[in-house]
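Please consider the arrangement of aromatic side chains in the structure shown here. The paragraphs that follow treat the ring pairs and then the charged groups placed over rings.

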Amino acid sequence: MLKSVLIANRGEIAVRVARTAKRLGLRTIAVYSQADAQALHVRSCDEAHFVGPAPAAQSYLVIEKLIDAAKAAGAESIHPGYGFLSENAGFAEACRDAGIVFIGPPPDAIRAMGLKDRAKALMEKAGVPVVPGYHGELQEPKFLKQKAYEIGYPVLIKAVAGGGGKGMRRVDRHADFDAALDAAQREAQAAFGDARVLIEKYVSAPRHIEMQIFADTHGNAIHLGERDCSLQRRHQKVIEEAPAPGMSADLRAIMGAAAVKAARAAGYVGAGTIEFIADGAGGLKESGFWFMEMNTRLQVEHPVTEAVTGLDLVEWQFRIAAGGKLPLKQDQVLLSGHAVEARLYAEDPERGFLPSTGKLIALRFPADGSLRVDSGVEEGDAVTPFYDPMIAKLIVHDETREAALDRLAAALERTVVAGPRSNAGFLAALARAQAFRAGEFDTGFIDEHLAELGAVRQGLDRAAAARGAEELLKRESERLAPQPREASSPWDATDAFQLLGERRLTLPIMVDGEAVAAQAVYTANGRVVTVDGVASAADAVVVAAEDAVYVLRHGRQTKITLRDLSIDETAESGAGGLVRAPMHGKVLGLLVEKGTTVARGQRVAIIEAMKMEHTLHAPIDGVVAEIAVAKDAQVAEGAKVLVIEPKKEELG
Ligand code: ADP
């Protein structure tokens, strides 16, 4: 067995790899950027090495720095995790050149599968079914358009260097082809520095079904069954499960054999995943699945395979990298029960799934013995704007799909995330969604059901606001109790007027940035707090922070703070023309200058966060009175970006 490993990654996957490495007796070495000095993955390893500034491009993605750290630490091997450099053939090569064992496939196998067009050509040659389409060298727009016509609409344009759904466009009509091609190429050029595309038939009712494979250096290759990852948003997986609903043992054997054939054709070693697109219309079938791509690394969703096989895939990776044989033969791989994983993110489903960063005031998971939580953060840690805002993966395993989904939904409903907003409620709604549970779903399911899943703007949760006001009131009265009354405090209960033996009090509070007045009524029976007549929620979880109270109800967070009456927080400068940063990010561009006349809805600035661009718009007609940030500056969530003053009537 290997003696030491440097984990060239961060977050939950670094923590997860370290756990198995430690169990196997390896010395564990972490790397960290400036933003991660105190991170959980650093605390989880025996030692840690600094590799540079917060942006990944200057730290976790710099091959030289990682190799230097490995040499300094005397690391015998490097585990790349997923993302970052895990599918970078140059990194695998650099490890080899430095005499360090790369825990993954040989560089040539990574290269063979790195580009979608080459991978598809290789698969076609090996006799693995690929989606009908064009994946050749010619990139002439007219020619590609002709190909699309021959394939038959709808088609999908994909970047050959693609990943993460970028450079991908569905085209339904011939007339729309040119514009879609242009957009796909532009996006591909920007994201991958490679504008080339391929065109394939768009599979109707598509299901994403992938096979986990393993190969060793002794010529053995097997599969560990499939995962269904059809629940996606923007081509990103949201919930994954094993086995796939509707999968038969026969079809699994056929798809598994195709996957093993694919792995052999690529000269594969280690853990890999063959992604297939299956036509779900009328049920899964032998003639209805096609190779999409191979991921030459461990997948985010590998725990569902671990749950149904009872195996530790990271342990297998280490054993194979050390030159060992596959621990099991194909017929010794047994699947039991049903496993589901949900990706818990710091994001706001009600605002287009905008990333939500900040300190995790609370992070608690229910004490369900069979719930597995893989996380890279703990309560008190922060979700930073520099990396993927995943908080944790929740994995459950039970005898049936029904029971597993019940267990997952219950776990999500009892998960407490305070500070950043999270998708816990959204995920719970998904796990409970009727059609999904009935097996009637494809990759379009989430987009088609956004409203039912709660991913649309919802109004103020008045019951939660009242509950928060109650908590603030309690806290304030405890604070004031032993002291003589402070006449200036609006919270001073003696300011309230008395009427028929009742004492009433109006509490000025801020609820998620909105000014609200809560009412407290003291009667002989006690105190009742309401907001717009709605009583305080009894079924809420309350998390009290120093300057705010977070009320969690049905997976939704409401933040309540005291309103300081000395400043008007709702409309600084009184005009409603304040434009704030919706999240922590970088100012990519300012589209106006001081003095520019703007119309309501006009684009005024662009903020980049988590590699996504967000455009800010003018909330009112007027003139830009102040610009509070500079281009390329980092801004905090809620920070003032610029102020627009309503245009004054021209005099004379
Ligand atoms: P990326 O590498 O950018 O993630 P993939 O090729 O893996 O792109 O495809 C991502 C997702 O897009 C798939 O999981 C599936 O939902 C959808 N998809 C891909 N190819 C097709 C197709 N031919 N027809 C329908 N949907 C597809």
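**Aromatic contacts**

In this predicted model, Tyr 60, Phe 84, Phe 386 and Tyr 387 are joined by ring pairs into a cluster. The count of aromatic pairs comes to 11. One of these is formed by Tyr 60 and Phe 84, whose ring centres are 5.2 Å apart with 10° between the planes, a stacked pair. Tyr 60 belongs to the loop between strand 3 (47-52) and helix 3 (63-73), while Phe 84 belongs to the loop between strand 4 (77-79) and helix 4 (89-97); the pair therefore ties together parts that are 24 residues apart in sequence.

Phe 386 and Tyr 387 contribute another pair to the cluster. Their ring centres lie 6.2 Å apart and their planes meet at 55°, so this pair is tilted; an angle over 60 degrees would have counted as edge-to-face. Here Phe 386 is partly exposed, with a relative accessible area of 34%, and Tyr 387 is buried, with a value of 5%.

Aromatic rings also take part in contacts with charged groups. Phe 441 has the charged end of Arg 207 over its ring, at 5.1 Å from the ring centre. In a further case, the charged end of Arg 503 is placed over the ring of Tyr 522, at 4.5 Å from the centre of that ring.

Methods. Residues numbered from 1 in each chain as written. Predicted model: local features only at pLDDT ≥ 70, side-chain atom pairs only at ≥ 80, totals over all residues. Heavy atoms only, no water. Phe/Tyr/Trp six-rings, centres within 6.5 Å; stacked < 30°, edge-to-face > 60°. Helix = DSSP H or I, 4+ residues; strand = E, 2+ residues; numbered from the N terminus. Buried < 20%, exposed > 50% of the residue type's maximum accessible area, 1.4 Å probe, protein only. Lys NZ or Arg CZ within 6 Å of the ring centre and 35° of its normal.
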